[in-house]
Amino acid sequence: MVPYAGWEMPVEYSGISNEHLAVRTRAGVFDVSHMGEIEIAGKGALEAVQRISSNDASTLKVGQAQYAGLLTHDGTFIDDLLVYRMGPSHFMLVVNAANTAKDVAWISEQVKVAGDAAVVDSSSRYALIAIQGPAAREVLQPLTGVELSDIRYYWFSYGEVASARVTISRTGYTGEDGYEIFVPPNMADRVWQALIESGRHADVIPCGLGARDTLRLEAAMRLYGNDIDESTTVLEAGLGWTIGWKKVDFIGRDRLLEQKERGLARTLVGFEMLERGIARQGYAVVSDGQHLGHVTSGTQTPFLKKAIGMAYVPMALSAPGSSIDIDVRGRATKAQVVPLPFYKRVE
Amino acid sequence: MPYPTDRKYTKDHEWIRLNGEIAEIGITDFAQDQLGDVVFVELPDVGRKITAGESFGSIESVKAVSELFAPMSGEVLEVNPALKDHPEAVNAKPHETWMVKVRLSDPQAAGSLLDSAQYETLTHA
């Protein structure tokens, strides 16, 4: 167990590699109750969300979710989040645990400007249990009356799981198909136990933060604090698809538009190590002794069995196939830029 | 897992097994358990001099990288060739998986290292 944003979190149960492979080949169950939930409701809720979120929430139907950035005026990340449309004028933002307080403060301040909406930190009302992997549906389906095949990717539904009132969302942070289940905290253990029991025949196992990190990295999902933060813009992070350019306005828009027109100086790329060595967060990207950028995430992946990572590099080195060197504890180690994601599931 | 009594230990969680002036060095069960799945062991070249208390290589698990510290000083005679393709042996059999064989410059210095009982106490601290 490790302290994490005020929570005691398990890094691993049976080993990161074992858990990682379970999710890629069967399924794994994660307790991600640390994630924060912020609700915005009221007549002006849509306008408020449109102002603070990079993505265009007006395209969301009730029951649908989208990935977005919560941005500074510079177009950099205060946080990244999922925006759920619970009702026409009711949204729930799922945010990073470590950022929840900061997000609530920022959003409350901005919503005052946008108009008539209430902002509530409802993190303590939800535990969050994820089941991820190709066997996720067959494990979860016997526990609920909700027809899971009716929930499309990035949609959600309400119902019961193991007799607990829940919200079931077809989302995740692993690159696999799966579900995230919002459940009242006093029922969380019940849902967890039911999933483990239902998954026993398929060898479904509990998974910790360690596997969550290696899985999301293979899928090239950005991690706040590593790959994105208040010093990196949405465009630099390669997340331009989360920008709702058609919206009238949102915080950060002007700077992003400017950056888009001027062109980027650097961007986030994926790389694979060509020589033995593992790049870790903070290692320098170098060439002829020159410091060109830095690694934001890196590991040896259990499934692809390669040392991979993501790094910010100058545009000239960003094309797949480009050669870069990573300074692995004083030794320049060869790597190659590759397309993202590293892993994509077969539909 | 019991700590074998045929060797000495360091507070940095390495073990060293002496046979005259030749010694094998590895990491303990406690160390491998803390590291998690080992994916890469970086070892010095044969012939390199290593110095007690100083780093002679590194060991990487999925989650982190750690330095390997030399329990005693000497010259590397051999590195375990099996670790290149099977680093996971460190997790499976930490006390049978030596990393380097060293010709010690001062075998008597082993007296200052921990014995298995002292080491075990340390891991419960």
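Me: How many bridges join strand 11 of chain A to strand 12 of chain A?

Reply: Strand 12 of chain A covers residues 178-183 and runs antiparallel to strand 11 of chain A, where strands are DSSP runs of E with at least two residues and helices are runs of H or I with at least four, numbered from the N terminus. Two strands pair if DSSP finds at least two bridges between them. Within this pair A:Ser169 stands opposite A:Glu180, and the bridges that join the two strands number 3.

Me: At what pLDDT do side-chain atom pairs count?

Reply: Residues are numbered from 1 along each chain as its sequence is written, while chains are lettered from A and ligands numbered from 1 in the order in which they are written. This is a predicted model, so totals for chains, interfaces and linings use all residues, local features need pLDDT of at least 70, and side-chain atom pairs count only at pLDDT 80 or more.

Me: Which residue takes a positive phi in the hairpin of strand 10 of chain A and strand 11 of chain A?

Reply: Strand 10 (residues 156-161) and strand 11 (residues 164-169) of chain A run antiparallel and are joined by 6 bridges, with A:Tyr158 standing opposite A:Thr167. The hairpin has 2 residues between the strands, and the residue with a positive phi, near 50°, is A:Ala162.

Me: Which element gives the most to the side of domain 1 of chain A that touches domain 3 of chain A?

Reply: Chain A is divided into domain 1 (2-33 + 126-218), domain 2 (36-106) and domain 3 (265-338), with bounds from an automatic or database domain assignment. The contact, which requires C-beta atoms placed from the backbone to lie within 7 Å, takes 8 residues from domain 1 of chain A and 7 residues from domain 3 of chain A. On the side of domain 1, helix 1 (16-25) and helix 6 (209-218) of chain A give two or more residues. With 5 residues, the element that gives the most is helix 1 of chain A.

Me: Which of left-handed or right-handed describes the crossing of helix 1 of chain A and helix 6 of chain A?

Reply: The axes, which are lines fitted to C-alpha atoms over the stretch in contact, with angles from 0 to 180 degrees between N-to-C directions, come within 8 Å and cross at roughly 55°. That makes helix 1 of chain A oblique to helix 6 of chain A, because angles under 35 degrees count as roughly parallel, over 145 as roughly antiparallel, 65 to 115 as roughly perpendicular and the rest as oblique. A crossing is left-handed if the near helix is turned anticlockwise from the far one by less than a right angle, and right-handed if clockwise. The crossing of helix 1 and helix 6 of chain A is right-handed.

Me: What is the order of the closed barrel of chain A?

Reply: One pair of strands in chain A is strand 16 (residues 290-300) with strand 17 (residues 307-314), which run antiparallel and are joined by 6 bridges. In that pair A:Val295 stands opposite A:Ala311. The barrel has 6 strands with antiparallel pairing, and its order is 14-17-16-15-18-19.

Me: What is the average twist from one strand to the next in the open sheet of chain B?

Reply: This sheet has 3 strands in the order 4-6-7, with antiparallel pairing. Strand 4 (38-42) and strand 7 (65-69) of chain B stand at the edges with a single partner strand each, so one side of each is left without a neighbour in the sheet. From one strand to the next, the twist averages 25°.

Methods. Two residues are in contact if their C-beta atoms, placed from the backbone, lie within 7 Å.
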